[in-house]
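Hi,

Here is the structure I promised to pass on. Please have a look at it first, and then read my notes below.

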Amino acid sequence: MTATGAAAERPLPAVPSVPARRGRPPGLLTGMSLAVAALLLSPLVFLLIEASGAGVGTIAHLIWRPLTASLLWNTVRLTVVVTALCAVIGTLTAWCVECTDLPGRRLWAVLVVVPFAIPDFVISFGWSSIFTWVQGFQGAVLVMTLGVYPLVHLPVAASLRSADPGLEDTARSLGLGRFRAFLRVTVGQARGAILGGCVLVALVILAEYGAFEILGYQTFTTEIFTEFQVSFNVPTASALSLVLVVLGGVILAGELPARGRGRAQRTGALAQRVPRRHRLGQATLPVEAALLLLVALALGVPVGASVYWMLESGAPTLTGVSILAAGVYTALYSAAAAAVATLLAVPVALLAVRHVSRGGRLLERSTYLVLAMPGLVIALALSYFAERYAGGFAYQTSALLIAAYAILFFPLALVGVRASVAHAPVALEEAARSLGRPAPEVFWRVTLPLVGPGLAASFCLVFLACATELTATLVLVPTGVQTLATQFWAYQQNLAYGQAAPFALVIMAIAAVPSYVLARYFDRLPGRSAAT
Amino acid sequence: MATGWLLSACGGSAGQSITLYNGQHVQTTDSLVSAFEKATGITVNVRSDDEDTLADQIVTEGSRSPADVIYTENSPALEYLQSKGLLTAVEPSTLAHTPSRYSSPQGDWVGISARVSVLIYNPSLITASQLPTTVLELADPRYQGELGFAAGETDFQPIVTSVARAYGTAAALSWLEGIKANAGTHIYPDNETITNEVNRGEVAFGVVNQYYWYRLASEVGDSRVHSKITYFAPHDPGYVLDVSGAAVLRSSTHQAAAQRFLAFLVSQQGQGIIARSTSFEYPIASGIASVQPETPFDQLQPNSITIPELGDGSEAISLLQQAGLL
């Protein structure tokens with residue numbers, strides 16, 4: 001989800017560098033940032049309280065079950081296979097779109113990104129409702145690969161776009177063959193981006209619930225859900241959650257050594273120039289066919305299956321809320337959560353960018369720990385804690401669902417807000433302050449308008465993520481309310497495919513439009529504009 | 001933004017609204033709820049989930065539970081809540097509507113509808129004569145790879161309890177281990193999935209309740225039904241009739257409205273909705289018969305296990321856990 005990170009962290013050439021002030025950050029800013037970090041880490045704290053309440057012995061006993069081993073094996077083998085497949089597919093699609101003379105590459109650049117926005121449970125529904133063999137491990141590999149390879153494509157495409165074409169020319173002139181030049185130079189330059197994408201892919205697989213439930217594939221997340229269903233208050237779910245969070249932490253930590261390596265070094269200060277695109281020649285047709293196949297599998301099948309079920313189903317046995325009613329709730333919750341997440345990101349981003357300090361960096365990094373916590377774990381922790389320790393405060397209310405969304409997608413908001421804060425000239429604020437304006441007014445009248453577009457982008461990203469979220473929503477949705485995702489799920493679970501299908505189509509439409517905008521945004525990043 | 005919708009889940013102060021924790025299938029509940037709302041003007045907020053989840057949730061919530069009524073698919077979840085002292089007595093006039101053997105002997109919950117276990121099979125993969133006639137045969141190695149099974153499905157627990165009652169817990173445990181081996185990779189999340197997978201020909205047969213198959217037929221249309229159902233031998237421990245019921249929570253602050261909802265469920269109107277709807281469960285009030293193409297209720301020949309013997313399901317859950325299925 002934070003695929004924009006790779007692009008956002010890369011310094012854009014046109015923007016003057018912003019000197020960070022080294023002085024003490026204002027107390028208010030530090031306090032607000034600390035409060036945000038505390039909120040984000042609260043599910044982890046709840047989890048630890050819950051686990052310690054059960055006692056180390058019980059937890060250890062629950063973790064060292066034969067079931068844990070089989071869950072670990074299922075989860076790890078799927079993660080490894082899908083991540084490897086996504087690395088290959090995502091890198092190849094990025095290279096075809098960015099570095100070749102492929103006809104229609106502007107259109108492909110958008111089409112290959114769209115599947116990322118479609119929830120994996122919808123792709124899974126499309127495939128498994130039509131093809132009986134799409135189930136278990138093979139089904140999970142297929143569906144997840146089709147759903148998440150854009151997480152590799154996006155950062156790699158951004159990286160290739162800003163990479164220095166001179167290096168590959170140099171390598172070729174030194175006698176390296178075309179293929180080896182590709183491997184050693186192109187892939188080498190994008191190594192950081194590929195690894196970053198792979199980390200995101202792995203985290204998504206750890207957190208996925210809906211798709212695996214449909215495919216009948218057991219992972220840690222599906223089992224935690226089952227344990228929670230069999231018994232609402234046993235510590236089993238929290239014990240397994242801890243294992244899952246540790247797995248997420250390990251994957252997240254795996255990226256750290258890779259940071260800074262594989263970065264593109266330029267051959268000269270003005271080396272950004274029109275890249276010479278590789279001529280595909282006779283390979284053009286096979287490449288076009290391969291991309292068409294990929295898009296047909298990832299987009300065509302879910303859309304086709306939904307249309308098929310709408311046309312073919314018999315008499316419905318279920319009633320439920322209308323698409324409009326579910327859509328209104330989805331929009332309200334998503335907008336509230338997007339606003340909250342974006343606002344929470346502002347103090348953390350300001351502190352991290354404007355007042356560089358070790359403490360600030362640690363604080364910013366700590367918020368990324370949320371990435372290691374699947375939505376299910378966050379939802380269960382909040383729900384259980386609200387009921388058990390907070391005297392039922394906010395229990396089963398919209399407020400708790402919105403809080404869960406805001407925590408879950410905070411990293412997404414931070415990436416956008418941080419990038420826009422980094423590119424807002426601090427001199428303007430200093431000028432305003434030197435004219436005697438108080439700090440809050442400066443923030444309101446100068447800083448906010450400068451970072452506005454970035455905030456809007458963050459809002460949209462979080463909105464999209466919330467609108468297509470299923471797992472946390474299932475746990476936290478208020479009594480009597482259905483969102484698009486939960487109503488789809490209720491129909492799908494009861495095999496009412498004809499009734500589930502329109503919801504699937506609406507979810508896909510909601511997801512596809514913003515992702516189209518996102519893809520066009522990437523399309524206009526520097527590097528591409530120089531090429532066309 | 002308005003705080004109205006934000007706090008909507010807290011319930012209105014008008015008093016004329018109740019919260020229903022619904023462990024029954026939404027197919028069954030939705031039409032009953034809307035008819036009740038129309039008849040009484042009382043709003044029902046429905047929270048649907050697995051019956052075990054809801055029961056445990058109520059135990060955790062204790063006296064703070066937002067729920068007024070719980071409606072479950074099977075009796076064990078209600079017996080469990082009754083044993084915890086969390087339910088209040090059902091009004092005698094409500095209990096009088098349905099046969100007493102289908103309600104709590106203690107009077108804390110009332111039976112609403114009945115369901116019966118069946119074998120669902122795909123004739124292109126297995127013939128009727130090859131199917132097991134007794135539930136013990138499900139563990140027979142000759143069915144390896146042919147049996148679909150849902151360990152987490154609460155509908156299966158009464159069958160486990162019934163087998164343990166008939167043959168003892170040790171035999172029930174080895175029987176479950178045999179089932180696990182036979183099911184292999186065909187372990188599914190619920191009975192809907194078993195029904196679907198058998199119908200698609202992914203697995204040869206499984207054990208579900210009768211209504212899943214009728215719903216499937218209604219949902220996908222007769223032309224796509226590639227499966228059939230049949231019964232175990234009469235009075236076999238696998239031929240289990242179990243009861244869906246409802247109760248009012250002791251912590252409910254809307255006792256009168258909650259009792260009215262229960263009364264509605266067993267009324268002629270409520271039972272008529274169950275009889276005619278696509279839920280395909282059997283109404284149990286006297287004088288109302290299911291009009292669907294099902295085996296008539298009085299022609300069923302289930303095992304003699306009673307509601308108290310089905311208990312709170314804890315023995316079944318424990319056996320499933322020991323067999324590594326939960």
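On the α16(A) side of its contact with α20(A) are A341(A), T342(A), L344(A), A345(A), V346(A), V348(A), A349(A), L350(A), A352(A) and V353(A); across from them, α20(A) contributes F410(A), A413(A), L414(A), V417(A), R418(A), V421(A) and A422(A). Two residues are in contact here if their C-beta atoms, placed from the backbone, lie within 7 Å. Sorted by class, this contact has 15 nonpolar, one polar and one charged residues (Ala, Val, Leu, Ile, Met, Phe, Trp, Tyr, Cys and Pro count as nonpolar, Asp, Glu, Lys and Arg as charged, and the others, Gly among them, as polar).

Do bear in mind that this is a predicted model, in which local features need pLDDT of at least 70 and side-chain atom pairs count only at pLDDT 80 or more, while totals for chains, interfaces and linings use all residues. Residues are numbered from 1 along each chain as its sequence is written, and chains are lettered from A and ligands numbered from 1 in the order in which they are written.

Back to the helices (DSSP runs of H or I with at least four residues; strands are runs of E with at least two, and both are numbered from the N terminus). Helix α16 (residues 323-354) and helix α20 (residues 410-422) of chain A cross at roughly 50°, and their axes come within 8 Å. Axes are lines fitted to C-alpha atoms, for helices over the stretch in contact, and angles run from 0 to 180 degrees between N-to-C directions. The two helices are therefore oblique to each other (under 35 degrees counts as roughly parallel, over 145 as roughly antiparallel, 65 to 115 as roughly perpendicular and the rest as oblique). Their crossing is right-handed, that is, the near helix is turned clockwise from the far one by less than a right angle, with anticlockwise being left-handed.

A second pair in chain A is helix α2 (residues 27-54) with helix α18 (residues 375-388), packed at about 65° with axes 9 Å apart. That angle makes α2(A) roughly perpendicular to α18(A), and the crossing is left-handed. P43(A), F46(A), L47(A) and E50(A) of α2(A) make the contact with α18(A) residues including V377(A), A381(A) and F385(A).

In chain B, the domain assignment (automatic or from a database) gives domain 1 (15-114 + 242-295) and domain 2 (115-240 + 312-322). Their centres, taken over C-alpha atoms, are 26 Å apart, and 20 residues of domain 1 of chain B contact 14 of domain 2 of chain B.

Best wishes
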